[in-house]
Amino acid sequence: MIYLDNSATTKPHKEVLNTFVQVNEMYYANPSSIHEAGVEANTLLMRAREQIANILNTEAKEVIFTAGGTESNNFAIFGTAKVSTHKGKHILTTAIEHPSVLQSVKRLAEEGYEVEYLSVDATGVISLDELHEKVRKDTILVSIMHVNNEMGAIQPIKEAAAIIHKQSRAVFHVDAVQSFGKLPISFNDDNGPDIISISGHKIHALKGSGVIAFRKHMTIAPHIVGGGQEFGLRSGTVAVPQAVALAKAARMAIETMPEKVQNYKKWSTDLHAFLRTFGGDIHLLSTEDGAPHILSFSVKDLKGEILINALQKRGVIVSTSSACSSKQTKTSHVVEALNINKAFTKGVLRLSFGAQTNDAHIEEFKTVFTQVMNELKGEIVV
C-alpha cells in the first residue's frame, strides 16, 4: 500500500511506540501520587514537558498536555474568551480554519461574542491589509492556522503577529497542527504567537496526544476542572505514556526536519509538473510556495470519492480533503473560500507526505493516477 494521507494521520514511529510501551510497563503509577513510583512517573512527565518547551522556546510550566489538536484549539479559544470579556468581545479568525476553530467561534457568537472572518485569496492566504483593518482595540482573540490542512497554504504568522500586537491587546492563537515538524514555529520571535496548538498523531506519535503551549504566563480559564492537574488548567490523571511518546516524536520531527522538507519540496515540485501535463482536466489548489508536504488538486467533472476508490483499488491511499469532514457530501468550506470553477469543486484530492514516504511511492502514484485518469475519462489504458 502506498500511503499518501499523512495530513489525516501518520503511522507512529517504532521508536515512539517502543517508548509508549516501555513507559506503560515500567512507569504506570499516577504522577500525582507522592510515593516513589508516582514521583518517578512525574519525573518522566516533567522531562517530556521540558523537552517540548525547549523546542518551542518557552518555559516548561507553559506546556499543557491534551488529547490532540481539537482539544488544544477548543482550550485556546474558550479559555481566552471566558477571561477576556472585560477587554471586549471581538474575535477574528479566517474562513479556512479547521472545524475545531470554526465551531468554537460559532458557539461563542451564539453566546454574544462578535466574530469576524478574514477572507483568503486564490492561493488560500489572508490579506494583511484586511487584518490591519479588522483588528480593533476591543479584539480579544485572533486565531489563524499556520498551514491549512486541506491545501497547504502558509499564513504570514510573523507579519500578522506584528499587526495584532501593535493594534490590540488580543491573544494570538496559532493552530500549528499541520506545520509543526515541517516548518519553523515557536515563540522565538518577539512578534509571534501567544498560544500554539500541536497534535501528536500528525508527527508519527499517538492519537489522543497533543499540546497547548503559551509564550508566557497568561490568564486563561481552566479547560477541565477537578483535581487540579496540569497547573490547574486541565484536571484529570495525566497520560504520562502519551506525553513521553509525544515528546519523543517531537524531538525526532525537529531533528529530521531539514532532510524531510528537502524531500517534500522535491516531490511537490515533481508532482506539480506531472499534474500540469493533464492540462484543463486538473486544477491545482496548492501552490509550489505553500507547505511542501501537502499537495491538493481537483479533477474536472469527477467526484473525489470516485477517484479515491479507483486509486485505492490499485493500492494508493489519498484523501478528498480533510479527514475530519471527508464523509460529508457538501463542498469543503476551504474550497468554497477559494472561489474556484464549480466544475472542479467536487473532485478534490489531497496528497500529503510523511517521514515514511519515499521516491518509489511518488513514482507509483504517478503511474496509477495516469491509469485512473485514462479509465475514468473513457480512454484506453496503455
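Predicted model: local features only at pLDDT ≥ 70, side-chain atom pairs only at ≥ 80, totals over all residues.
Which strands does helix H8 lie across? Helix H8, residues 304-313, lies across S10 and S12, and runs at about 45 degrees to S12. Angles here run from 0 to 180 degrees between N-to-C directions, with axes as lines fitted to C-alpha atoms, for helices over the stretch in contact. Contact means heavy atoms within 4.5 Å.

Residues are numbered from 1 along each chain as its sequence is written, and side-chain values use heavy atoms, with hydrogens and water left out.

Now to the sheet. Three strands make an open sheet, ordered S9-S10-S12, with antiparallel pairing. Strands are DSSP runs of E, at least two residues, and helices are runs of H or I, at least four residues, numbered from the N terminus. Two strands pair if DSSP finds at least two bridges between them. At the edges sit S9 (282-284) and S12 (348-352), each pairing on one side only. From one strand to the next, the twist averages 25 degrees.

Let's look at the pairings. S9 and S10, which spans residues 294-299, are joined over three bridges. Histidine 283 has serine 298 as its bridge partner in S10, while leucine 284 has phenylalanine 297. S10 and S12 pair over five bridges, again antiparallel, and serine 296 stands opposite arginine 350 in S12.

How many of S10's residues are buried? Six of six, where buried means under 20% relative accessible area, exposed over 50% and partly exposed in between, using a 1.4 Å probe and protein chains only. Ile294, Ser296 and Ser298 are buried on one face, and Leu295, Phe297 and Val299 on the other.

Last stop, the cavity. A search of the whole structure turns up one cavity of 30 Å³ or more. A cavity is a set of points on a 1 Å grid over the protein atoms alone where a 1.4 Å probe fits but cannot get out; lining residues have an atom within 4 Å of a point. The largest cavity has a volume of about 90 Å³, volume being the space filled by probe spheres set on the points. Its lining has 18 residues, and Lys182, Lys202, Ile203, His204 and Lys260 are the closest to its centre.

Key:
1 Å grid on protein atoms, 1.4 Å probe; cavity = no way out; pocket = protein on both sides within 12 Å on 5 of 7 lines; lining within 4 Å.
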